Amino acid sequence: IEAKTADNGDTALFMAVRHGYEPTVRLLLDHGANIKGQNQQGDTPLLLAACYRHESTVRLLLDHGAKIKGQKRNGDTALLLATRSRHESTVRLLLE
């Protein structure tokens, strides 16, 4: 599950999160995918889900223990990324 699938360090979990494939994300998490991993840009699965406006995936990741205060190398948080993408429901979810 943790084998890198792209030059930027993305795993299958990162790719499923980026594209909003929630059933695949759930399957990968249920089979031990690393929810805390980072790719070469410093993204975590939660940061990607927030950036790409995948609210249900954000919720799923939080339910599986994703750290809400995680940051990219530049200091961006999931809340900041959701705010920048103007996705109000994800912002509210992250503030809960």
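Mentor: Let us begin with valine 91, which is buried, with a relative accessible area of 17%; buried means under 20% relative accessible area, exposed over 50%, and partly exposed in between, with a 1.4 Å probe and protein chains only. The model is a predicted one, in which local features need pLDDT of at least 70 and side-chain atom pairs count only at pLDDT 80 or more, while totals for chains, interfaces and linings use all residues. Residues are numbered from 1 along each chain as its sequence is written, and side-chain values use heavy atoms, with hydrogens and water left out.

Valine 91 belongs to helix α6; helices (H or I, at least four residues) and strands (E, at least two) are DSSP runs, numbered from the N terminus. Leaving aside residues up to four places away in sequence, valine 91 touches Leu79, Ala82 and Thr83, where contact means heavy atoms within 4.5 Å. Leucine 80 is 11 residues from valine 91 in sequence, and the two C-alpha atoms are 8.4 Å apart in space.

Now consider the whole of α6, residues 88–95, in which Thr90, Val91, Leu93 and Leu94 are buried. These four lie on the same side of α6 because they cover an arc of only 160° around the axis, the arc being that of the directions from the helix axis to the C-beta atoms. An α-helix has 3.6 residues a turn, so residues three or four places apart point the same way. Glu88, Arg92 and Leu95 are exposed, on the face of α6 turned away from its buried side. The cover over the buried residues of α6 includes α3 (45–51), α4 (55–63) and α5 (78–84).

One of these covering helices, α4, can be read in the same manner. Its buried residues are Thr57, Val58, Leu60 and Leu61. They share one side of α4, because their arc around the axis is only 165°. After α4 comes glycine 65, with a positive phi near 100°.

Helix α2 (22–30) extends the picture. Val25, Leu28 and Leu29 are the buried residues of α2. Their arc of only 100° around the axis puts them on the same side of the helix. Pro23 and Asp30 are exposed on the other side of α2, and the cover of its buried residues includes α1 (12–18) and α4.

The loops also deserve attention. Glycine 32 sits in the loop between α2 and α3, where it takes a positive phi of about 95° just after α2. It counts as exposed because its relative accessible area is 53%. Most residues other than glycine have a negative phi, and most peptide bonds are trans. Arginine 53, in the loop between α3 and α4, has a positive phi near 65° although it is not glycine. At 41% relative accessibility, arginine 53 is partly exposed. Arginine 86 lies in the loop between α5 and α6, and its phi is also positive, near 60°. With 73% relative accessibility, arginine 86 is exposed. Between glycine 32 and arginine 86 there are 54 positions in sequence and 32 Å in space, C-alpha to C-alpha.

Finally, the whole protein. Its secondary structure comes to 6 helices and 0 strands. Of its 96 residues, 43% count as buried. Of the contacts with a separation of 6 or more, 59% join residues 24 or more positions apart. The C-alpha atoms fill a box of roughly 35 × 25 × 20 Å along the principal axes. The radius of gyration is 12 Å, which agrees with the value near 12 Å for a compact globule of 96 residues; the radius is taken over C-alpha atoms, and the globule rule is 2.2 Å times the number of residues to the power 0.38.
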